[in-house]
Amino acid sequence: MVAEKSARAAIESTYAHLCTVYGYKGVKDSESGITEETETVLAENVPCKISFELSYPLEQTEEAALSSQRVKLFIPPEITVPCGSKISVAVNGEVFSFGYSGEQALYPTHKEIRLKPLEKHK
């Protein structure tokens with residue numbers, strides 16, 4: 001148990017970013033009685049680390065050069081992130097938006113979640 005706590009502390013010492021997790025909840029309209037799925041914040045200001053991996057080589061088409069990027073999010077294991085969630089991460093003054101979170105790799109010390117980039121804005 002001591003080794004696990006030390007390992008978790010080591011991983012969490014790399015958390016240099018904060019993220020917000022968005023998901024959907026059913027909200028019932030009081031007048032119509034219809035339940036609609038509404039995007040809501042599931043967790044915010046969660047310490048995290050994001051890892052980017054570019055795939056090389058670039059693929060050249062007639063219109064443009066294409067590249068793909070793999071993104072992995074590291075967060076504390078007790079944070080719930082349903083598959084398909086949207087996540088925004090503040091990194092060095094920029095906010096990166098991700099969608100369609102994948103299955104989670106759950107470890108005693110952290111979770112790893114693959115993300116699909118949506119957009120980048122300042």
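**Labels and the values behind them**

Mentor: Let us begin with a charge and a ring: K49 lies over the face of F74, at 5.8 Å from the ring centre. This is a predicted model, in which local features need pLDDT of at least 70 and side-chain atom pairs count only at pLDDT 80 or more, while totals for chains, interfaces and linings use all residues. Residues are numbered from 1 along each chain as its sequence is written, and side-chain values use heavy atoms, with hydrogens and water left out.

Trainee: What makes K49 count as lying over the face of F74?

Mentor: A charge sits over a ring if NZ of Lys or CZ of Arg is within 6 Å of the ring centre and within 35 degrees of the ring normal. For K49 and F74 the distance is 5.8 Å, and that value meets the distance limit of 6 Å.

Trainee: Why is L115 called buried?

Mentor: Buried means under 20% relative accessible area, exposed over 50%, and partly exposed in between, with a 1.4 Å probe and protein chains only. L115 has 8% relative accessibility, so L115 counts as buried. Its place is in strand β7, where helices (H or I, at least four residues) and strands (E, at least two) are DSSP runs numbered from the N terminus.

Trainee: Which residues is L115 in contact with, leaving aside its neighbours within four places in sequence?

Mentor: Contact means heavy atoms within 4.5 Å, and on that basis L115 is in contact with V71, L73, I87, F98, G99 and S101. L73, in turn, touches C48, K49, I87, V89, K111, E112, I113 and L115, again not counting residues up to four places away in sequence.

Trainee: What makes a group of residues a nonpolar core, and which residues have the most contacts inside the largest one?

Mentor: A nonpolar core is a set of buried Ala, Val, Leu, Ile, Met, Phe, Trp, Tyr and Cys residues joined through side-chain atoms within 4.5 Å. The largest such core here has 18 residues, and L73, I75, I87 and V89 are those with the most contacts inside it. Two or more residues each come from β1 (17-28), β2 (35-60), β3 (65-75), β4 (86-91), β5 (94-99) and β7 (111-121), with β2 giving the largest share, four residues.

Trainee: How do you know that R8 forms a salt bridge with E12?

Mentor: A salt bridge is a side-chain nitrogen of Lys or Arg within 4 Å of a carboxyl oxygen of Asp or Glu. The closest N and O atoms of R8 and E12 are 2.6 Å apart, a value that falls within 4 Å. Both residues lie in helix α1 (residues 2-12), four residues apart, about one turn of the helix. R8 is partly exposed at 23% relative accessible area, and E12 is partly exposed at 30%.

Trainee: What does the salt bridge between R8 and E78 tie together?

Mentor: The side chains of R8 and E78 meet at 2.9 Å, N to O. R8 lies in helix α1 and E78 in the loop between β3 and β4, so this pair ties together parts that are 70 residues apart in sequence.

Trainee: And how do K72 and E112 compare with the cut-offs?

Mentor: Their closest N and O atoms are 3.4 Å apart, and the pair forms a salt bridge. K72 lies in strand β3 and E112 in strand β7, so the pair ties together parts that are 40 residues apart in sequence. K72 is partly exposed, with a relative accessible area of 22%, whereas E112, at 18%, counts as buried. Salt bridges that share partners also join R8, E12 and E78 into one network, and the count by this rule comes to four salt bridges.

Trainee: Why is the pair of F96 and F98 called stacked?

Mentor: Rings of Phe, Tyr and Trp (its six-membered ring) pair if their centres lie within 6.5 Å, and planes under 30 degrees apart count as stacked, over 60 as edge-to-face and the rest as tilted. The centres of F96 and F98 are 6.5 Å apart and their planes are at 15°, so the pair is stacked. F96 and F98 are both buried.
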